[in-house]
Amino acid sequence: KSLKNVVSYSILEKEHIENEAMGAFLAVAKGSSQNPYFAILEYCHPECTKDDPVVIIGKGITFDSGGISIKSAANMNEMKYDMCGAAAVIATMHAITKLRLKVSVVALIPTCENLLNGEAVKPGDVVTSMSGKTIEILNTDAEGRLILCDAIAYAQEHYNPAMIIDIATLTGACVGALGSHYTGLFTNDESLANRLIGSAETVDEKMWRLPMTKEYDEQLSSKFADIPNIGSPGAGASVAACFLARFVKKDIPYAHLDIAGTAWNSSGATGVGVKAFVEFLMTEVSSNEEDDTEED
């Protein structure tokens with residue numbers, strides 16, 4: 001069957017992002033002369049409904065200087081890879097369209113640069129996210145979580161997600177824990193964890209589950225806002241995941257994939273996440289088809 005009109009694409013420009021009150025996302029983009037954009041891709045097979053889509057979110061920082069909390073000069077040229085999460089999400093949407101998977105998927109891609117000028121957000125600034133939560137920005141180099149938290153809020157405001165999965169080159173701490181061999185997986189749902197790890201193993205990608213528990217969430221404490229964008233020292237990857245989880249409604253299965261160590265190597269971008277996503281969505285289809293058969 002033809003898949004004409006099953007894929008839609010739209011872009012929210014700065015004015016629309018402002019109308020959505022994405023204050024965290026806009027804070028990251030303030031230091032750049034380039035405007036932020038929020039891309040939306042929707043795929044729905046003709047035999048599916050648009051209800052309860054799987055929402056995948058990709059971090060799209062096209063260059064990350066660290067902002068006012070500037071990175072060291074060494075290897076800063078590699079920060080062009082800070083959009084690998086966004087690239088993985090776009091590639092996944094391309095693949096599932098080619099494969100004509102019987103699924104409903106929404107891809108959200110917040111994208112901007114993290115640079116520094118006279119208007120750039122400063123450490124100590126407090127911003128209001130789309131969810132209404134206030135965020136104390138203690139480190140402008142912890143910017144990925146700021147654009148992702150507004151994307152998570154957007155997903156819940158405009159869709160009824162069956163689940164939310166984000167993929168991002170998020171933390172150096174994940175590289176310290178897992179090196180370049182495993183993607184860090186953080187989730188609030190046991191079944192989702194098992195299915196993602198299983199899908200990754202099937203396509204020869206490696207994921208390792210790391211904790212996202214209340215002990216790490218308690219490291220996020222601010223005197224001036226609802227939440228700081230970094231926590232007390234230690235376990236930075238888990239704390240970052242807990243930050244993002246604060247923006248997810250409790251009844252929604254959620255997973256965060258930290259690909260800081262696996263997104264690129266000396267040869268360039270690896271495309272990590274794409275095969276695992278596609279296999280996961282194919283598995284979801286098989287599972288749903290089996291359930292339907294049993295009901296029939």
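Modeller: The part to begin with is an open sheet of three strands, ordered β6-β7-β11, with mixed pairing. Its edges are β6 (126-128) and β11 (227-228), each of which pairs on one side only. Strands in a sheet are held together by backbone hydrogen bonds and may run parallel or antiparallel. Strands here are DSSP runs of E with at least two residues, helices are runs of H or I with at least four, and numbering starts at the N terminus. Two strands count as paired if DSSP finds at least two bridges between them. The model is predicted, and local features need a pLDDT of at least 70, side-chain atom pairs count only at pLDDT 80 or more, and totals for chains, interfaces and linings use all residues. Residues are numbered from 1 along each chain as its sequence is written, and side-chain values use heavy atoms, with hydrogens and water left out.

Strand β7 (residues 134-136) runs parallel to β11, and two bridges join them.

The loop between α7 (214-217) and β11 holds Ser221. Ser221 is exposed, with 59% relative accessible area; exposed means over 50%, buried under 20% and partly exposed in between, using a 1.4 Å probe and protein chains only. The C-alpha atoms of Ser221 and Gly231 are 6.9 Å apart, although ten residues separate the two in sequence.

A charged side chain comes next. Lys133 places its charged end over the ring of Phe247, 5.4 Å from the ring centre. Such a contact requires NZ of Lys or CZ of Arg within 6 Å of the ring centre and within 35 degrees of the ring normal.

Phe38 belongs to strand β2 and Tyr154 to helix α4 (residues 144-158), so the pair ties together parts that are 116 residues apart in sequence. Phe38 is buried at 0% relative accessible area, and Tyr154 is buried at 7%. Tyr182 and Trp208 form an edge-to-face pair, 5.5 Å from centre to centre with 85° between the planes. Tyr182 lies in the loop between α5 (172-178) and β9 (183-187), and Trp208 lies in strand β10 (residues 207-209), so this pair ties together parts 26 residues apart in sequence. Tyr182 is partly exposed at 28%, as Trp208 is at 46%. For these pairs, rings of Phe, Tyr and Trp (its six-membered ring) must have centres within 6.5 Å; planes under 30 degrees apart are stacked, over 60 edge-to-face, and the rest tilted. Ring pairs also link Phe25, Phe38 and Tyr154 into a cluster.

Asn75, in the loop between β4 (60-64) and α3 (84-99), has a positive phi near 65° without being a glycine. Arg100 is not a glycine either, yet its phi is positive at about 55°. Arg100 lies in the loop between α3 and β5 (104-114) and is partly exposed, with 43% relative accessibility.
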